[in-house]
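Hi,

Here is the structure I promised to pass on. Please open it first, then read my notes below.

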Amino acid sequence: MDTEGARTDRLGLLLEQFDKAREMAQVRLTGLGDEEYLWEPVPGCWSLRRRGEAATPRAFGPGEWVLDLGAADIPASEYAEVARQAAGGMTVAKIADDWSVSVERVEQILAHTGEPEPDTAPITTIAWRLGHLHHQFAGGWEWAFGERLKDPKLMIDFSPSAALTLERFWPVIDRWRASVGAVTEEQLDTVGFSQYPYGSDPDDPFIGVLSGANLEFIHHMAEIALLRDLWRARFTAGG
């Protein structure tokens, strides 16, 4: 691999990682159609639904179409993150507020010493994963570089059209990338540079927020790529 001219500074590494992931994601999303976008591979998926047809109690969005969101809890796969937050100095009350669960639930997780509980996180559709990334990056920009006023869950008018969703999605991603590219070394180390209201951003240095945003983008796009592979193979499974 040619590494000539590659950046090795902290921000440069994160930007190059993000740029490569974005390039790969756009290629993998080429040709996405509406049926595939909304495909539910198993019963009980979380997806994008009309407001009156939402399958979950906390589905959100400002318009006719809302993104499923279930009853508040912390999946077993996130217990380590809860422990990290506590070790980093966050109070139990603040952690509970971030995850929208009770203080008692956080205390139970922090005291957990047995075998991990099975992860009951739902299977989600491509529409759900794109909507999830869309509102997070729109909100991430608003609460780091914008006016810090708008609720991220009300910023994106979700659509059942794959083409329209992607048409709106990439400018949001590129605006985030452009603003991140201008961040200073001092801002990278500033705790609370992002005041994103869902999660630990206000308690973290901004470089940690950026690293987390990269991971969020990469892992959801990888999951979308797998769903696309399964969609393509759905009629040939089992020979």
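This is a predicted model: local features need pLDDT of at least 70, side-chain atom pairs count only at pLDDT 80 or more; totals for chains, interfaces and linings use all residues.

Start with the helices. H3 spans residues 79-87 and H5 spans residues 103-110. Their axes come within 10 Å and cross at roughly 100 degrees. Angles of 65 to 115 degrees count as roughly perpendicular, so H3 and H5 fall in that class. On the H3 side, the contact uses Tyr79, Val82, Ala83 and Ala86. On the H5 side, Arg105, Val106, Ile109 and Leu110 take part. Seven of these residues are nonpolar, one is charged and none is polar.

Now the salt bridges. Side chains of opposite charge can pair when their charged atoms come close. How many salt bridges does the structure hold? There are 13.

- Asp189 and Arg10 meet at 2.9 Å, N to O. Arg10 is in helix H1, while Asp189 is in the loop between H8 and H9, 179 residues apart. Asp189 is partly exposed at 45% relative accessible area, and Arg10 is partly exposed at 33%. Both residues also belong to a salt-bridge network with Glu185.
- Lys94 pairs with Asp203, with the closest N and O atoms 3.5 Å apart. Lys94 lies in helix H4 and Asp203 in the loop between H8 and H9, so this pair ties together parts 109 residues apart in sequence.
- Arg49 pairs with Glu40, with the closest N and O atoms 2.9 Å apart. Arg49 is buried, at 16% relative accessibility. Glu40 is partly exposed, at 33%.

Best wishes

How values were computed:
Residues are numbered from 1 along each chain as its sequence is written. Side-chain values use heavy atoms; hydrogens and water are left out. Axes are lines fitted to C-alpha atoms, for helices over the stretch in contact, and angles run from 0 to 180 degrees between N-to-C directions. Helices (H or I, at least four residues) and strands (E, at least two) are DSSP runs, numbered from the N terminus. Angles under 35 degrees count as roughly parallel, over 145 as roughly antiparallel, 65 to 115 as roughly perpendicular and the rest as oblique. Contact means heavy atoms within 4.5 Å. Ala, Val, Leu, Ile, Met, Phe, Trp, Tyr, Cys and Pro count as nonpolar, Asp, Glu, Lys and Arg as charged, and the others, Gly among them, as polar. A salt bridge is a side-chain nitrogen of Lys or Arg within 4 Å of a carboxyl oxygen of Asp or Glu. Buried means under 20% relative accessible area, exposed over 50%, partly exposed in between (1.4 Å probe, protein chains only).
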